[in-house]
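Please walk through this structure with the sequence at hand.

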Amino acid sequence: MAKINEIRCIRTRADGTWLIVKVLTDQPGLYGIGSASDHYQAGVVQAAIEQHMAPRLIGREAGHIEDIWQSSLTSGYWRNGSILNTAIAGVDMALWDIKGKEAGMPVYQLLGGPCRSAVACYAHAGGNTLEELVEDVQRYIDEGWPVIRCQFGPYGGGGFIPHDQAIKPRNAWHQGPVFDDEAYLENIPKMFEYLRNKLGFGPKLTHDVHEHLKPHNAVALAKLLEPYRLFFLEDLLSPEQVQWYRLVRQQCTTPQAMGELFVNPHEYVPLITERLIDYVRIRISKGGGITPCRKVAALCEIFGVQTAWQEGGDNDPVNQMAAAHLDLASYSFGIQEENHFRPEELELFPGHAEQVGGYMYANDKPGLGMDLDEEKARKLLSTESLATPKYITEDRRADGSVVRP
Ligand SMILES: [Mg+2]
């Protein structure tokens, strides 16, 4: 059996937001990689791994994945949370990678074997006008994407009123466009009316609210969108307001997807067991890795809920591959959010998942089936960008109060 010899953190992508964990063992050439990326706090996660996790794990059996996960969760007494979960996930994925290599099997085989041949994904379509949007959706339909997310303009788009048209106080803090719930309730149903008129009901369409609405308006939106038969409506509510899903359920049949901000089972277990959402969208790394997320997938199966693991623009190819293994082996799989990378980014990861049309494919190599070229990872990184703090854009209402993303 292999013992953990070293845990190394590698920062890459040009802006340094990708944090890849490499767990090396005492067996020559036997190591695994995992994803601990965090677009905004990669350095904080890195410190958690290097200063808190690694000293405790060096010398332990690499094959004791469950025990390492359980004991890491409580190793600092306080548990869960975005930082600790991501740190644990990076190590956890690397340990599954090692176990697969030891067994000579891909991780999806260790999880019970594939129950589908490929992973259906949803694409991100967008446009600043309805004409632009329908063109983009049509492009994805032509490329063979089974499900397409439709967004109007930027993050929160459809709800913005230009600065000079908004009713603002005379001491307004905010000089940009303001987010307005009523504008969103007006524009997004119109957007789907337009799309359905142009495209019919054949294409499977979703929309991401990015939690921008106040809860009662969120319920109203779900009801207003019912006639357009969405594949799902994403992040209708913020994690603090998930109790409102009960009201959504009472009001309409619009399918609900939520979870990319979840970092604690208390947030998602009741939604699954009470069947208040239809798709759970935890990011594998933010959920704590393959070990807890395979249990979430099993829980979903029992309650008829499906998985739609989060990906999106800032994730790395290792997290994407971890999702692909779970997708292939989980009966509760529903759909996978797509992710795409620049050619020079994919070059860092020989064996990375293949995205062809609307489907993603893993490979039959042992472990996660991919590697990290550390030399190329180092070359891609800009140290200046690495040192620049990163924050999410602040959307604000007319009175200046911040909108939760
Ligand atoms: Mg989202």
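The paragraphs below take up each of these places in turn.

This is a predicted model: local features need pLDDT of at least 70, side-chain atom pairs count only at pLDDT 80 or more, and totals for chains, interfaces and linings use all residues. Residue numbers start from 1 along each chain as its sequence is written.

Start with the core. A nonpolar core is a set of buried Ala, Val, Leu, Ile, Met, Phe, Trp, Tyr and Cys residues joined through C-beta atoms within 7 Å. Buried means that 20 or more other C-beta atoms lie within 10 Å of the residue's own; exposed means 12 or fewer, partly exposed is in between, and C-beta atoms are placed from the backbone. The largest nonpolar core holds 105 residues, and Val21, Val23, Val91 and Ile148 touch the most other members. Helix H3 (residues 82-103) gives the most to this core, with 10 residues. Helices (H or I, at least four residues) and strands (E, at least two) are DSSP runs, numbered from the N terminus.

Look next at Val23. Leaving out residues up to four places away in sequence, Val23 touches Ile4, Ile7, Tyr31, Gly32, Ala62, Val91, Ala94, Leu95 and Ile98. Contact here means C-beta atoms, placed from the backbone, within 7 Å.

Now turn to a helix pair. Helix H5 (residues 130-143) packs on helix H6 (residues 181-199) at an angle of about 50°, with the axes 10 Å apart. Axes are lines fitted to C-alpha atoms, for helices over the stretch in contact, and angles run from 0 to 180 degrees between N-to-C directions. H5 and H6 are therefore oblique to each other. Oblique is what remains after roughly parallel (under 35 degrees), roughly antiparallel (over 145) and roughly perpendicular (65 to 115). From H5, Leu130, Val134 and Val137 meet Met191, Tyr194, Leu195, Lys198 and Leu199 of H6.

Met370 sits in the loop between strand S15 (359-361) and helix H14 (374-380). Met370 counts as buried because it has 21 C-beta neighbours inside 10 Å. Beyond four places in sequence, Met370 touches Val318, Met321, Phe349, Pro350, Gly351 and His352.

His210 lies between strand S8 (204-208) and helix H7 (215-224), in the loop. His210 has a positive phi of about 50° although it is not a glycine. With 20 C-beta neighbours inside 10 Å, His210 counts as buried.

Arg275 is in the loop between helix H9 (265-273) and strand S11 (279-280). Its phi is positive, about 55°, although Arg275 is not a glycine. Is Arg275 buried or exposed? Arg275 counts as exposed, with 12 C-beta neighbours inside 10 Å.

Note on methods
Contact = placed C-beta atoms within 7 Å.
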